[in-house]
Amino acid sequence: MKTTTTKHWLWSLPVVALLGLLSYGCSSNGELGSSAEAAQQVYVAPGEHDEFYGFFSGGYNGQLGVYGLPSGRHLFTIPVFSQAAVNGYGYSEETKAMFQTTDGFVPWGDAHHPELSQTNGETDGRWVFINENNTPRIARIGLDDFKTQEIIEIPNSAGNHASSFVTPNTEYVSAATRFSIPMDEEDLSNMDVSIDTYKENFKGTISFIKVNEEGKMNIDFQIMMPGFNYDLSHAGKGPSDGWSFFTSYNSEQANTLLEINASKNDKDFIAAINWEKAAEYAREGEGKVIPGKHYRNYIDHEEGGIAKSELIEEVRVLDPRELEGLVYFLPTPKSPHGVDVDPTGQYIVAGGKLSTVIPVHSFAKMEEAIANENFEGEVMGIPVLNYDSILHGEVQNPGLGPLHTEFDGNGYAYTTAFISSEIVKWDIEKTEVVDRIDVYYSPGHLMIPGGDSQNPDGKYLVALNKITKDRYLPTGPEMFHSAQLIDISGDKMKLLLDFPTEGEPHYAQGITADKVIKEQKRYYDLSENGHPRATTSEKQTRVERDGNEVHVYMTTIRSHFTPDNIEGIKVGDEVYFHVTNLEQDWDVPHGFAIKGANNAELLIMPGETLTLKWEPKKVGVFPFYCTDFCSALHQEMSGYIRVSPA
Ligand code: CUK
Ligand code: CUA
C-alpha cells in the first residue's frame, strides 16, 4: 500500500543540529518538506511553553492525557475513570466515591471523546467533559486544577460511545448508546430474552445531560430510539443550533455484526434530534418518568474536597412515536462512523466508513424537507427524509474508510481515511478534494484546536493514528500509539512531527494555552482547607481511637511527618491516616506509603488533606515514608508504626 520512510536517525539528532541543516533537502518523497523547517516549527526552547494545550483521550487507560502543541510533549495525565497509582486517585478515602456506579465500584473505564466546554460556540477553558464507553458515564474535569470534578452515570444505556459532545453554550452534553439491548417498553429495563429477538426487543437511548453554571450535570431527558448502534455525535451551531446529530449503523438490526448481516444496507442513518424541542417537551412534563437508577459522584468543595455519591432514582423518557418533531433520520451511506458539523453550522458531514464518498447534508435542505414532509418512510415513528432532497454534495475520491472530519474555519474540511492512511483536505462549498497527505498509519480521529467549534484555530492538525508499527524504537509487542502534527496554515499540508501517545487516544481537543492558565490554581490555600479532618498546624496532630477505628491526624512539611512514631495500633484496627501537606509552595507535594499496606500511596499537594485507610494484619513495626523526592532530606522523611496484638 505504501512504503515506510525511515528518518528516525534524523529525529534523533539534537534539534539544534537540525537547525544548522537549513539547506538540507531531506525529503525523498516530499513528505517532510524541509526537516529543519519542520523542526523549527515544533521546537519549543527549554523553559518556553507550548502555544496550545491538547487533551487526548486515554482510551482503555481510562484517563485524559495533556499534551503541549506544537512540541507534542506529554505534560500530564489527568486521572478520570481509572485508579491512578501515581497519586492515589481512586484509592484515597477522598476519591473512592468517584467510582461508585449501580454496578458497584468500577475503577476502570474506556474513555473516547473529550470535549471542551463552549460559550457562544467557542471553547472557553472552563471544563473538559469525557465519556466512558463501558460502564456508561460522563466525567467533567475542571481546568482550574486539572482534576476530575464529577462523574455521572447514564442509565438505560449499554455503552456510552456517542458522547460527550456539547451544545454551543454547554447547555447540554449528550450521550447515546453504542450497543442496543432488549429493553422493556414500559421501564426500559434490560430483559432476559433470546438474543435473536433483536428486531422485536432491542432498543437504544440518546440522553441529554443538562449542565448548570457551576458545571453540575443532571440527566434532563432520554429519547427512546430504535435498536441501532449509535456511534458519534456533534451538536449543531449557528443556524443549526438547537439540533444534535448522531450517526447510527446496523439499521439492519442484526444480532451479530458480521458484515453480511450488519453492513448490508446501502444506507444507514444520521439521527437529527431537535433538542430544543425535546427540552420543551421535558419542561412541559411530556413523556414519562421511569425508574432509572444512576449515580452522580462529585467532589464536594463545600466539604473539604471530599467526593460524594448521590443516587438518583428516576429519569424522564421521551418517545418519538408519541412526540412529533423530536427526531428525523437522514439516510447516509454506509455504516457512518463520525458526524461533524462545519463551523458555519450549515453542513453535516458523515464518515461513512464503508462508503466511497463523503456525504455532506445541508441543514437548510433538511429543514425544507421536514417542512414539506418529504419522507421516504419511518422507523419507530421517526420519519426518514429523502436522501437527495437533503444532500449538499458528495465528496468524490475521499480516500478509503473515511471516519472523522474537523474544520479549519477557512472553508476547508479535513477527513481521516483509515484504510488508505491519509488525511484528505476538501472544499466544503464545492465538496472537492484539494489536498491529501499520508499519515502513519490508519488514522481514527483527527483534531484541529477548536476544529469542531464555531471558531477553529486552523494552524495545526493532529492525526491520531491507530497503528504505530515502525515509527519509534520498538518496545516489544506492545507500544504507544502514534500521533502526527501537520501544518495546515498553507495550501498544502505539511507533516511536522511524530509523537507517541498513551492509551488509545480516540478523540482530542485543543485550546490556546492563554484561555486556560489565567484561572489556574498553583496550590490549595491552607487557610481555606475545609476538610473535616485537616490538621493545619503541627500542634494539632494526634492519634484518636474510637473502638477499633483509629484516626491519625498527620502533617507533612519539608522534611518530616508529625507524628513520626505511632504506637498503640492493634491488629484488626481500621486505621485512617489523614495527612495534611502544610506546604504553601507550588510543586512541593509529599507522598505517603506504608510498608505492608496493600493499598496505594498518597500524593498530597500543598494545602491538601488526603486519607489512606490501612487494616494491619500482622504484628510488628512498619516503616512509612514520603515517596516524592521533596528536599535534600527527603530520604529522612519517614517514620514507624508499631502494630501490637489485638
Ligand atoms: S471512535 Cu475511536 S476512531 Cu470511539 Cu470516536 Cu472513531
Ligand atoms: Cu516529602 Cu519527600
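This is a predicted model: local features need pLDDT of at least 70, side-chain atom pairs count only at pLDDT 80 or more; totals for chains, interfaces and linings use all residues.
Me: What radius of gyration does the chain have, and what would a compact globule have?
Reply: The C-alpha atoms fill a box of roughly 80 × 70 × 40 Å along the principal axes. For 646 residues, a compact globule would have a radius of gyration near 26 Å, and the chain agrees with that, at 27 Å.

Me: What share of the contacts with a separation of 6 or more comes from residues 24 or more positions apart?
Reply: For background, the chain holds nine helices and 45 strands, and 51% of its 646 residues count as buried. Of the contacts with a separation of 6 or more, the share from residues 24 or more positions apart is 61%.

Me: Why do the buried residues of α3 line one face of the helix?
Reply: Helix α3 spans residues 35-42, and its buried residues are Ser-35, Ala-36, Ala-38 and Ala-39. An α-helix has 3.6 residues a turn, so residues three or four places apart point the same way. Seen down the axis of α3, the buried residues line one face because they fall within an arc of 160°.

Me: Which elements give two or more residues to the shell around ligand 1?
Reply: The shell is made up of His-112, His-113, His-161, Leu-232, His-337, Leu-403, His-404, Gly-444, His-445, His-506 and Tyr-507. By class, that is three nonpolar, eight polar and no charged residues. The elements giving two or more of the shell residues are β6 (111-119), β27 (402-407) and β31 (443-447).

Me: Is Pro-398 buried or exposed?
Reply: Pro-398 sits in the loop between β26 (391-396) and β27. Leaving out residues up to four places away in sequence, Pro-398 touches Val-357, Ile-358, Thr-415, Ala-417, Val-424 and Val-433. The C-alpha atoms of Pro-398 and Val-433 are 7.0 Å apart, although 35 residues separate the two along the chain. With 26 other C-beta atoms within 10 Å, Pro-398 is buried.

Technical notes. Residues are numbered from 1 along each chain as its sequence is written. Chains are lettered from A and ligands numbered from 1 in the order in which they are written. A residue is near a molecule or strand if its C-beta atom, placed from the backbone, lies within 6 Å of it. Helices (H or I, at least four residues) and strands (E, at least two) are DSSP runs, numbered from the N terminus. Ala, Val, Leu, Ile, Met, Phe, Trp, Tyr, Cys and Pro count as nonpolar, Asp, Glu, Lys and Arg as charged, and the others, Gly among them, as polar. A residue is buried if 20 or more other C-beta atoms lie within 10 Å of its own, exposed if 12 or fewer, and partly exposed in between; C-beta atoms are placed from the backbone. The arc is that of the directions from the helix axis to the C-beta atoms. The radius of gyration is taken over C-alpha atoms; the globule rule is 2.2 Å times the number of residues to the power 0.38. Two residues are in contact if their C-beta atoms, placed from the backbone, lie within 7 Å.
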